[in-house]
Amino acid sequence: MKRLNLLLAITLLVVLAIPLTASGQGITYNAGFQVQNLDTSNDATIQITFYNQDGSVANTVDDTIPAGGSKTYFPLDAVSDGFNGSVVISSDRDIRAIANVLGNGLDYGASYGGFTAGATTVYVPLLMRENSGYNTWFNVQNTGTSATTVNITYSDGVTASCTNLQPGAACTLDQSTEAHASGWVGSAVVTATEPIAITVMEVGPTTLFAYSGFTSGSTDVAMPLINANNAGYVTGVQIMNLGSTDTEVTVSYTPSLQGTACTETKTIPAGQSETFALYAFATGADSTCTAGETFIGSARITGNSANQDLVAIVNQLNSGANKGAAYEGFDPSSATATVVMPLIMDRNSNYWTGFSVANVGTVTTTVNCTFSNSSYTVSEELGPGEAMTALQNGEIADGYVGSATCTASAGGQIVGIVNELNSVLTGDAFLVYDAFNQ
C-alpha cells in the first residue's frame with residue numbers, strides 16, 4: 001500500500017509540554033486532516049496510523065475514501081485528549097491530504113500538506129526567536145524504516161538534535177527555548193540517516209503560519225499568489241540560498257486581478273535568506289514596484305546571477321484583522337498539467353476557499369477546474385506567467401465541503417495554492433496550503 005505522512009504535531013485539546021507562547025499565554029492546539037482519493041474509478045482503502053513521539057502506536061483506523069472524493073477527519077476521535085504525535089496514512093490508491101491546525105479554539109489557524117516522501121536533508125528557510133512577538137517551532141517526522149538521529153544546524157551556528165527517532169514518529173524543536181539571540185531571524189539545515197519530513201509553525205501574538213521544509217531547491221521558483229496593500233493584506237516572501245556562493249536574485253511580479261508588473265532585486269548570501277515583496281510594495285525599495293499600490297497577482301524568480309539552488313516561502317498577513325498564513329514556493333520543473341486540492345469549501349460554517357493557479361509553462365493554456373460531487377466548473381485561459389484566482393464563496397452550494405481538480409490544456413504546466421478563510425471570525429481564521437501536482 002502507498003504511504004502518506006502527516007506531521008500532526010498537535011491535536012485534540014492539548015497544551016504542548018514544550019512551552020509555546022503567544023502574548024505570554026499558552027496555546028491549546030488541535031488538528032484535523034482531509035484525505036482526497038485521486039482515483040476517479042475506484043474507492044481507496046486506507047489505514048490511518050497514529051504514532052506517539054516515542055514511536056509507539058496510539059491507534060489505527062481503517063476506512064474507505066470514495067472514488068474521486070474526499071473525507072474529513074475532525075475531531076480526531078481515534079486518539080485521546082493529550083495526544084501529541086504524527087500520522088501515517090496507507091492506501092491502495094493514489095491519495096493526497098492536508099492538515100488544518102487550530103489554536104485556542106478558533107483564535108489561530110494554519111494549514112499544510114501531507115508528504116508522499118521524505119529526504120535525508122531538509123532545508124528550513126524561515127525560523128525566528130522573539131522577532132516582534134514571533135517565535136517558531138517545528139516537528140521532524142521519520143518517514144523511513146529504521147530509527148535515526150536528526151541533526152539541526154541553524155544559520156546562527158546554534159545546533160540541536162533528536163536522538164533515536166523511531167519510524168513514523170516525530171520530535172519537536174522549539175526555537176524560543178534554544179540559544180538564539182532575541183530578535184533572531186534565520187534558517188536551518190536538517191539532516192538524518194533516514195528520510196525525514198518537517199513542518200514549521202510560526203507563532204505570533206494573534207496569528208499562526210505553517211509551512212513545510214524543502215527536500216531540494218531549484219534555480220527558479222514560482223509563487224501563484226502575491227497580495228500587497230489588498231484590503232489590509234500584505235505578503236512577505238522569504239527566499240533562501242541553498243548554495244555555496246552569493247547570488248543576485250530578481251523576482252518578477254505579474255498582476256492577475258490588480259496592479260502593475262514590476263521587479264525586485266537583492267543579493268542573497270550563501271546559506272542565508274532574504275525577504276522579498278514586503279518592502280518592495282510598501283516603500284519601493286530595491287524594486288521597480290510602486291509604493292503603496294494594490295497588487296494581486298503572482299511572482300517568479302527570473303534572475304539568479306550565480307545559478308544557485310533556492311527555496312521560498314510566502315507569508316500572507318492582515319495584522320488588522322488578525323489573519324495570517326504561509327505556503328511554499330514551487331519549482332516550475334515539477335509543474336504538471338493537473339493540480340488537485342483536497343479541501344474546497346463554500347459557506348461551511350462561514351468558511352470558504354479561493355485558489356490561485358499559475359501557468360508556469362511556455363505556452364498559452366486553458367485551465368479547467370472541476371469539483372467533487374458538483375457540476376460547478378471554473379475555466380480561464382492563461383498566458384505564460386499568468387494566474388487565475390477563483391473564489392468559491394457563494395458559487396458552489398451552501399455548506400459545500402469537497403475537493404477540486406484543475407487541468408491545463410495544450411501542454412500547459414500549472415501550480416496552485418488554496419486559501420481557506422472565515423471572514424466572520426475575529427481570530428486567525430485564515431489558512432493556506434499548496435495544491436498537489438499530479
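This is a predicted model: local features need pLDDT of at least 70, side-chain atom pairs count only at pLDDT 80 or more; totals for chains, interfaces and linings use all residues.
Colleague: Hello! I would like to start with one link: what is the angle about the S-S bond for C262 and C289?

Modeller: Welcome! The angle about that S-S bond is 95° for another pair, C162 and C171, but for C262 and C289 it is 80°, and the link is right-handed.

Colleague: Thanks. What is a disulfide in general, and how many does the structure hold?

Modeller: In general, a disulfide is a covalent bond between the sulfur atoms of two cysteines. Here there are three. For C262 and C289, the S to S distance is 2.1 Å, and both of these cysteines are buried.

Colleague: Which parts of the chain does the pair C369 and C406 link?

Modeller: A disulfide joins C369 to C406, with 2.1 Å from S to S. This pair links distant parts of the chain: C369 belongs to strand β29 (residues 365-371) and C406 to strand β32 (residues 400-408), 37 residues apart. The link is right-handed, with 110° about the S-S bond.

Colleague: Why do C369 and C406 count as buried?

Modeller: The step needs one cut-off: a residue is buried if its relative accessible area is under 20%. C369 is buried because its value is 1%, and C406 is buried because its value is 0%.

Colleague: And C162 and C171: are they buried or exposed?

Modeller: C162 has 9% relative accessibility and counts as buried; C171, at 10%, counts as buried too. A disulfide joins C162 to C171, with an S to S distance of 2.1 Å. Counting bonded cysteines along the chain, the disulfides follow the pattern 1-2, 3-4, 5-6.

Colleague: Now the rings. What describes a pair of aromatic rings?

Modeller: Two things do: the distance of the centres and the angle of the planes. This structure holds eleven aromatic pairs. One of them is F371 with Y376, a tilted pair with 5.3 Å centre to centre and 45° between the planes. F371 is buried, at 5% relative accessible area, whereas Y376 counts as partly exposed, at 22%.

Colleague: One last thing: which residue lies over the face of F276?

Modeller: That is K266, at 5.6 Å from the ring centre of F276.

Notes
Residues are numbered from 1 along each chain as its sequence is written. Side-chain values use heavy atoms; hydrogens and water are left out. Rings of Phe, Tyr and Trp (its six-membered ring) pair if their centres lie within 6.5 Å; planes under 30 degrees apart count as stacked, over 60 as edge-to-face and the rest as tilted. Buried means under 20% relative accessible area, exposed over 50%, partly exposed in between (1.4 Å probe, protein chains only). A charge sits over a ring if NZ of Lys or CZ of Arg is within 6 Å of the ring centre and within 35 degrees of the ring normal. A disulfide is a pair of cysteine sulfur atoms within 2.5 Å. Helices (H or I, at least four residues) and strands (E, at least two) are DSSP runs, numbered from the N terminus.
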